[in-house]
Structure formats: structure tokens, C-alpha cells
Amino acid sequence: MRISVFTITLLTILNLQVHASVSALKDTTRTDTIVKIHSEELFRFSSTLDSLVDLWYIKNSAALKRMKEASQKSDISTYPDFPDSVYISRLNHLKSAINLPYNQIVKSYIDVYTKQKRDKCQIMLGFTDYYFPLFEKVLNEYGLPLELRYLPVIESALNPRAISRAGAMGLWQFIYSTGKMYGLEITSFVDERCDPVKATYAAVRYLNDLYKIYNDWTLVIAAYNCGPGNVNKAIKRCGGKNDYWDIYYKLPKETRGYIPAFIAASYVTNYYSEHKLVPVKIDMPDNIDTVTVSENLHLEQVAEVLKIPVEELMDLNPQYKREVIPAGDKTYSLTLPFKYITKYIELEDSILTYHDSLYFNPLNSLKSPSKYIRNFKSKPAHMSPVYYTVKSQDNIGFISAWFDVNISDIKHWNKLKHNKLRTGQKLLIYVPKEYESVYSKVNEMSLDEKQKPGWKKITASSPSHKKKDYDTDGNYIIYTVKSGDTLWDIARKYPGTNNNDIKVLNNITNDHSISPGQKLKIKKIAD
């Protein structure tokens, strides 16, 4: 008989719904034991709130400074507290589509928000005005309870760059596999788990799928935290019972505190003023919009030209892990304060070309390894890089002729998808090392100078001529093919010609048909 009474009492504590008796709440010995189980989860939970201070918008908030000054003068014993009956009544008045029971575990999470981490809670509350409209819009589109907007509060404390010990990322804390399953791009440069809009749509689709399995929102929330596999195991171990509190002790420890944390978040975001909490005013832009980016772009390029702190751009675009939008094969979006949208469109060419050789130069090792460096193939042997800035009357055909390279090479070296060039665009071009000084002058020459025949003055004393691997025959140089030679290699020994010229002069139809010992005519360079 004693065992039966103990079991009933323990279940009463765990199932302190709105109808729970006050006498059960007063069983402090058992309640303290249950709360102690959650000490580790409470620490993890409060640490999530601490991560908010890393955001640029928080570091630059004047309201935060005033709040810190006020909190230093306050005493935790003076913070408002209420009897259990008040918490029960307030939760009951929320009229939630999701059951919000109250017990001492829930109370311990409420205390984290209202007492232990008051300053961080006020920061988090400041972000609700920014993110809740997005959450509510998407939840409403799928017909899901709007109360699910509290999930990111406990998952990430509304920090879009939050990362868990298990590697879950973003507002909705997707792990890698679930993020990929719901269509989020995760690469070395982009992690859409941190994209507020795309991650929200993915999370709502996931919640919708979980509800089709459990038809119970409390179990859905638990499954969102630990995965449906763990919830199914707990249900099986409890003989098929499918009530959260029935399977409570069969769930992972972290998930045991998850529902109480969700209830606490629901409470605090509605009743914070009763606890004298004041949301910190976050100076994030009221209106934002996006522009489409189709070429590689570094956020620092945008910041420098538009005069926006790069940290602000990072907060608005947390999905770009290395401050780079790796566009080209596909387009991406860039989120900006609305007031900068028109300016970006007007200055887009200037932004894309601003120090592009610095940010996307494969030979530049000055940037830290965390910066994006364009992934070219290895540098051609015996070649040196020179840079050319596109002028208003230039085209890619002119440039290939001036530098004696193929158009396809220019496109390859610069990751160009088409022949169109922008004025001010910087191009990387490889030239023979011995003629680097000649080609480096091209950038400073006028169009007339570059179009004038014979402007390349290559002397017979240059290193390639000293090798004497050719003979002369009137207007041509006769070159003897060596083992390992290609037409591309041979053409680069003689500025002013290219592999197509050699093919025409020697009636060659196949680039790979030359052989060692073969004699080739090379167009002689005018002195």
C-alpha cells in the first residue's frame, strides 16, 4: 500500500497541470530532488542566453549599457516572485493550443529568465519584436499553432549564429542531417541553418511532419529537441503510453527540461512586465530587403563602399560563414537595411570590383585562412601573374590579343561564365616570367597605344632567346618540339603568338598531334 501511495505522489508532482493540488507542490523534499536532476540542463540553458552578447547589435546598444548599470545596483532578493497559484492562473489565461502545465521544474526555468539571467533575458525579449513576426507569418501559412514561435527562444535565445555542443546551428538549432533533409544548403561558405527565413520555413515543415506522426504538440516539441527516434523509444519502453509526462524519465536528460523550458519561455514573453523586466531596444533596422548577388562578393566590399559596419552586415546575413557570398554557379541573396537597397543597385559594379584582386586573389596570402580565396587551378609553370583593369572601350578579344593568351584562358583564370566584362573589373592574367615587365605596362597604356602593331619590344637578349631552341627562316622562327611540349607551352615562349596561330601556320588540326623533333613555324616578333 505504501508503494502505491508513493507512486501516486510522484506522478502528481510530475503531472502538476493546472488542476494540480497545492499540497503536492508543498512536498518540497521530492520537488527539490526533481529540480536537482535539472541542474546540468539549467546551466546549459542559461549559457545559451549568454551567447547573445556576441552579436554586434547587442555590443553597440546604448540601452544595454544602461541596463548593465541598473543590474549592478540591484539585489536578486528584490526581484518579484509570486505564489504558485499566480503562475498557474497566468499560464491558464494564455489560452494556448499547446498544453502549458506548471510545476517546480517549470518554476526553476522561469527563475533563470526572471532572476539569474535577467539582463540576458531582457536582450532576448528585445529580439522578439524582430523575429516573432517572421515566425508567426510562416507558422500561419502552414496552419500551425503560433505558440511554436517560442521554440527558437529556448533553442537559441534568438541568436541566429548560436551553435550547440552537438553542432546544431541557427535560430532553430538544426543538426547537419536534418538541415540537409529539409533542403538547407550547408557548405564551407554557406550555412542556411543560420538563415532566419530559410531555417524558419524548414523548421515549420519539420514540425508539421512531426505532428503527422504524434498528433500531440507536446510530443512534437520533445521530438524536435531529441529526434523522433528517442521519443519512439521512450513510448515503447513505457508500454505504448504517449503522454509526455508518462514517458518523462525515459527521455534523454536534456529533453526532460525542454518542455518546462518551453513553458517558461511562453510565460516570460507574455508576463515579463510583472517581473519588472524591460526588453532592451535593439537597433536593428525596422525595414530590410534583399538584393540578388550573382558574382562572388565579400561583405567587406559592401561595407566599404556603402559605409556600413561589416559586423552589421554579418548580423543581417549570418548564413555566410566566411563573410563571402560565393555566387557564380548560382545566385544568393544579400540582406540590407532598406535605405541602402537603391544605393547598392546604383553602385553594384563599383562594389563588385572594389579591391576584388585583394579579396579574390589566389596568390594573396595576406588574408587570414578564414577568408575566402577563389579556387583556381594551380599557376601555369614558368608564368607570372599580372593584373589588368578593364577600361570603357575594352573587350575580352582585345585583351587576349594584347597579352597573347586565349580568351578561354582569361575566362578560366577569372572564373568568368561569359565574355562580358565590366569597366573597372580586375583581371588576373598569366604571362611568361621573362616578359613580365613588358606585359605589366599594358594596364597603363592608352587604347591607341595597345592597338598599334609592334608595340611589344622584346629583345634578342631575353632568356628564351638565349636558349637557342629555334632557327630563323625569313619571317618565321623554326622551333623544334621537345618531349613534354604542348602548343600552349610553346606559344607562351613567344609573346605575340598563340596556339591557334601555330596550328594555322603548321596545318595542325589536333592540339595533341605534335611530337618530339617536329619542326614548327612560329610567327616572328617585330622588333
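Okay, housekeeping. Residues count from 1 along each chain as its sequence is written, and side-chain values use heavy atoms, with hydrogens and water left out. Since the model is predicted, local features need pLDDT of at least 70 and side-chain atom pairs count only at pLDDT 80 or more, while totals for chains, interfaces and linings use all residues.

So, the overall picture. The protein has 28 helices and nine strands; these are DSSP runs, H or I of at least four residues for helices and E of at least two for strands, numbered from the N terminus. There are 527 residues, and 51% of them count as buried, meaning under 20% relative accessible area, with exposed being over 50% and partly exposed in between, using a 1.4 Å probe and protein chains only. Now contacts, which means heavy atoms within 4.5 Å. Taking contacts between residues at least 6 apart in sequence, 68% join residues at least 24 apart.

On to the cores. A nonpolar core here is a set of buried Ala, Val, Leu, Ile, Met, Phe, Trp, Tyr and Cys residues joined through side-chain atoms within 4.5 Å. The largest one has 75 residues, and Tyr113, Leu148, Leu151, Leu158, Trp172, Tyr224 and Val231 touch the most other members. Helices giving two or more residues to this core include H8 (104-116), H9 (118-141), H12 (196-214) and H13 (217-226). Which helix gives the most to this core? H9 does, with 11 residues.

Have a look at Leu151. Skipping neighbours within four places in sequence, Leu151 contacts Trp172, Leu207, Ile221, Tyr224, Tyr258 and Phe262.

Next, helix packing. The axes of H9 and H12 come within 10 Å and cross at roughly 40 degrees. That makes H9 oblique to H12: under 35 degrees is roughly parallel, over 145 roughly antiparallel, 65 to 115 roughly perpendicular, and the rest oblique. Axes are lines fitted to C-alpha atoms, for helices over the stretch in contact, and angles run from 0 to 180 degrees between N-to-C directions. On the H9 side, the residues meeting H12 include Tyr131, Leu134 and Phe135, and their H12 partners include Thr200, Tyr201 and Val204.

H12 also packs against H13, at about 125 degrees with axes 9 Å apart, so H12 is oblique to H13 too. Leu207 and Leu210 are among the H12 residues at that contact, with Val220 and Tyr224 among those from H13.

How many of the eight residues of helix H17 are buried? Seven are, so H17 (residues 299-306) is mostly covered; Glu300 and Gln301 are among the buried ones. Just after H17, Lys307 takes a positive phi of about 60 degrees.

Then there's Gln173, in the loop between H10 and helix H11 (176-181). Gln173 counts as buried because its relative accessibility is 11%. Pro152 is 21 residues away along the chain, yet the two C-alpha atoms are separated by 7.8 Å. Not counting residues up to four places away in sequence, Gln173 touches Glu155, Ser156, Ala162, Ile163, Ser164 and Ala168.
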